[in-house]
Amino acid sequence: MTDDVYPSSCDPVRATAQDDPSGGDPESDGPQNPVDDDAGEAEEGESRASERRVLRVLPLRNTVVFPGLINPMVATTPRARQLVEDAAKDKDLLVTVCARDPSIEEPTPDDLYQVGTAVRILRLVPSDDGGQRIYVQGVRRARIDNYVERDPYLRAEVTLLDERTDSSLVTEAVHRYVAQQFLALTEGSSTVNEAVRTLVSSIDDSAVLSDQVSSHMSLSLEDRQELLELVDVRARLERLSEHLAREVEVQRMEREIREEVQEELSRSQREYVLREQARAIRRQLGEADQGTDQIEVLSKRIGEAGLPESVRARAERELTRLGSMPPGAMEAATIRTYLEWISELPWSKESEESLDVARARGVLDEDHYDLEKVKERILEFIAVLRLKRDLRGPILCFVGPPGTGKTSLGRSIARATGREFARLALGGVRDEAEIRGHRRTYIGALPGRVIQTLKRVGTRNPVIMLDEMDKLGTDFRGDPASALLEVLDPEQNREFSDHFLEVPFDLSKVLFIATANLLDPIPPALRDRMEVIEVPGYVEEDKLAIARRYLLPRQLERHGLKDAAPHFSDETLQTVIRSYTREAGLRNLEREFGKIARKLARAYVETGQVASEVTPAEIHKLLGPKRYEAELAGRGEIPGVAIGLAWTQAGGEILFIEATRMRGSGKLKITGLLGDVMRESVETAVAAVRSRCKELGIEPEVFKDDLHVHIPAGATPKDGPSAGVALVCALTSLLLERSMPPDLAMTGEITLRGRVLPVGGIKEKVLAAKRAGVRRVLIPTQNRKDLVDIAPERLEGLEVVPVERIEDVLRIAFGVEISG
């Protein structure tokens with residue numbers, strides 16, 4: 001151990017060693033035993049009584065010199081060399097004193113302990129670095145009373161202390177105990193040699209024994225100084241016995257811990273030792289080390305991955321852990337998988353974006369018909385991104401019936417912006433870990449599907465479509481919708497934390513697009529983070545244009561008829577649309593075109609030719625009998641029938657409401673699998689008509705008959721208040737025995753006072769009426785604002801009439817003037 005003397009104004013000297021028990025050789029770097037005869041004679045010549053003298057003071061750092069011990073030191077500064085040379089020239093003693101705080105570079109006298117050791121210089125040897133190597137032997141304890149000189153070095157009045165001792169049995173007992181404990185403690189020790197042990201066992205003087213043991217024990221600086229300051233030999237021995245007892249107890253505990261650790265050495269640790277030996281053997285044989293090769297490969301990949309600093313530091317720590325494990329360890333496999341994911345994620349790789357608005361417009365128009373609102377929003381995003389490159393991606397949500405092109409819109413947006421595209425299906429997902437990933441404590445843990453998707457596309461700015469968001473579930477494994485809150489929040493997803501990675505990943509560059517058929521099942525907190533864009537269903541004109549541009553050519557090409565494609569007139573396409581499909585979207589329509597293409601392909605293969613044109617009559621041969629007839633034909637010309645409008649997941653639908661009466665006791669029967677709200681609407685409609693019998697010219701006695709209200713189809717559940725207006729008209733038509741106009745449909749909730757209240761789904765309902773051939777639609781006045789979302793060309797041939805009261809409805813439907 002190397003102990004430094006302070007290089008300060010107090011004559012800097014550096015002690016090269018302290019605890020090297022190498023006998024009495026003055027050339028060794030450690031405290032020596034007083035075996036030099038001259039030194040012994042000199043010591044005997046010293047007066048043991050206390051006396052005052054003026055001596056030179058040498059400050060030390062981390063070193064306490066005990067009387068009787070030889071210590072080597074090095075004087076490196078001119079002041080220290082001068083002090084040593086003057087003391088040697090005068091053959092005078094000097095006092096070594098330890099500093100209280102070893103960190104003080106230039107201690108003052110106040111920084112030094114008051115008690116030190118008067119030492120004699122035995123030998124001076126010039127060192128190679130220009131300093132002087134000195135060997136000193138402690139003579140007596142010395143107390144500094146007063147500093148009398150500071151330059152050229154410290155000099156002080158000191159008192160050479162007398163040691164108080166006695167020959168009592170207690171002192172002898174403590175003397176023996178200290179010697180025995182020291183010998184037992186140092187048995188087999190590598191720091192205390194046998195010569196020191198022999199010397200200690202032969203010492204009869206308690207004062208000499210205490211100083212010898214103190215100098216060779218591993219004690220703190222404060223404990224050494226305390227022992228130096230004790231001039232009562234018995235007290236010194238007792239204090240030493242406490243230190244020895246404590247050291248014996250510490251060694252006993254260390255021995256027990258080593259034994260426990262040895263006993264608990266597991267099979268994996270033994271395998272590690274064997275594998276390390278095998279690895280060393282392979283290196284000697286010049287064979288490749290597979291584990292090392294893997295670590296080198298991972299290290300290279302981590303260096304090339306462009307990781308943020310915090311992520312790189314984490315990866316390097318895990319790589320260090322992996323290097324200290326055997327390749328076959330289970331945890332090593334987990335860490336290796338983790339590092340592979342870290343190194344393969346696109347931390348800094350981005351797709352080169354296309355910010356040409358005109359090109360993007362062309363791509364969107366090429367892939368999709370109409371959908372102007374969606375296209376405008378995407379073009380706005382591209383334009384702003386061109387002006388502000390660090391723009392965070394918007395979170396869009398397309399809501400609309402199935403088959404309206406929501407998912408394919410995502411692909412077109414990716415193509416228009418030059419980004420990669422990935423679809424993440426959320427239908428039926430119930431586990432939060434699907435979004436956030438599993439923690440690495442689980443066997444087979446993996447990151448969530450968001451991180452997996454980014455790894456698959458290889459860029460950090462793709463278009464990710466979160467498909468069927470309204471189909472998310474929840475159970476005991478967590479709520480995936482809540483986990484998506486961080487993903488879809490532009491303020492939080494800059495530091496998205498996956499449970500598997502446990503490091504933040506920036507999702508702010510991702511353009512998230514969600515799709516849903518219904519908005520209501522999406523939690524409000526999640527819905528609030530998205531910009532909702534409604535994708536309406538298609539009317540017949542839209543379907544005709546889309547079938548002509550996209551669906552039919554795609555099916556003919558898929559079935560090998562691109563070069564031999566027959567002609568389809570608009571009338572033929574309308575036949576397929578009207579008679580074989582009834583939907584807001586286009587999926588079933590494309591299936592029908594696929595069926596036609598397959599039959600044409602078979603005929604082409606069998607006969608070698610295909611008809612130049614497919615007529616409406618041939619459509620029935622290819623697809624079979626009509627599946628749907630015109631609903632309005634003959635249905636609205638019967639008294640007691642009214643046409644209502646309904647909203648479904650597939651879009652809008654027309655709803656026929658039928659009413660009839662029979663002799664009975666005035667009961668009301670309601671059928672059609674109606675919910676509670678719709679049943680109450682029927683009762684409200686009956687009350688509204690009955691309260692207006694006089695104005696309508698209806699005899700009150702008719703309500704003594706039983707009334708039956710039915711809404712087909714009976715197997716389909718129905719609910720909601722929006723059929724109130726149609727129920728009033730159906731009952732009025734029945735009781736007046738007058739049929740309603742067959743091209744009139746209506747929607748709206750009613751009150752007993754005759755008001756028509758607003759309802760939802762106006763856009764879908766109006767489009768459904770247009771598809772069914774209705775020419776006039778009655779809607780609540782407060783729903784006129786919803787017509788803004790419908791393009792004017794979609795309303796061509798359809799008259800939308802706002803109504804505020806039941807009286808307005810009856811006037812339009814039956815020409816009856818009733819005062820409100």
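Colleague: At what angle do the axes of helix α20 (residues 570–580) and helix α21 (residues 587–607) cross?

Modeller: They cross at roughly 120° and come within 10 Å of each other. Please keep in mind that this is a predicted model, in which local features need pLDDT of at least 70, side-chain atom pairs count only at pLDDT 80 or more, and totals for chains, interfaces and linings use all residues. Residues are numbered from 1 along each chain as its sequence is written, and side-chain values use heavy atoms, leaving out hydrogens and water.

Colleague: Why are α20 and α21 called oblique to each other?

Modeller: Axes are lines fitted to C-alpha atoms, for helices over the stretch in contact, with angles from 0 to 180 degrees between N-to-C directions. Under 35 degrees is roughly parallel, over 145 roughly antiparallel, 65 to 115 roughly perpendicular, and the rest oblique. The angle here is roughly 120°, and α20 and α21 are therefore oblique.

Colleague: Which residues make the contact?

Modeller: From α20 come Leu 573, Val 576, Ile 577 and Tyr 580, and from α21 come Leu 589, Glu 592, Phe 593 and Ile 596. Contact means heavy atoms within 4.5 Å. These residues divide into seven nonpolar, no polar and one charged; Ala, Val, Leu, Ile, Met, Phe, Trp, Tyr, Cys and Pro count as nonpolar, Asp, Glu, Lys and Arg as charged, and the others, Gly among them, as polar.

Colleague: What makes α10 (residues 309–323) and α11 (residues 330–344) roughly parallel or roughly antiparallel?

Modeller: Helices α10 and α11 pack at about 150°, with axes 10 Å apart, and are therefore roughly antiparallel. Among the residues in their contact are Leu 319 and Leu 322 of α10 and Ile 335 and Leu 339 of α11. That contact divides into nine nonpolar, no polar and five charged residues.

Colleague: How do you know whether strand β8 (residues 395–399) is mostly covered?

Modeller: Buried means under 20% relative accessible area, exposed over 50%, and partly exposed in between (1.4 Å probe, protein chains only). In β8, five of its five residues are buried. Ile 395, Cys 397 and Val 399 point one way, while Leu 396 and Phe 398 point the other way. In a regular strand the side chains alternate between the two faces of the sheet. Helices (H or I, at least four residues) and strands (E, at least two) are DSSP runs, numbered from the N terminus.

Colleague: Which strands does β8 pair with?

Modeller: Strands pair if DSSP finds at least two bridges between them. Five bridges join β8 to β13 (residues 511–516) in parallel, and four join β8 to β14 (residues 531–534), also parallel. Cys 397 stands opposite Ala 514 in β13 and has Val 532 as its bridge partner in β14.

Colleague: What is the strand order of the open sheet, and which are its edge strands?

Modeller: The order is β9-β10-β13-β8-β14. Strands β9 (421–425) and β14 are the edges, as each pairs on one side only. On average, neighbouring strands are turned by 25° against each other, direction ignored.

Colleague: What makes strand β17 (residues 641–648) largely enclosed?

Modeller: Six of the eight residues of β17 are buried, so the rest of the structure largely encloses this strand. Strand β17 pairs in the parallel sense with β21 (residues 744–746) over two bridges.
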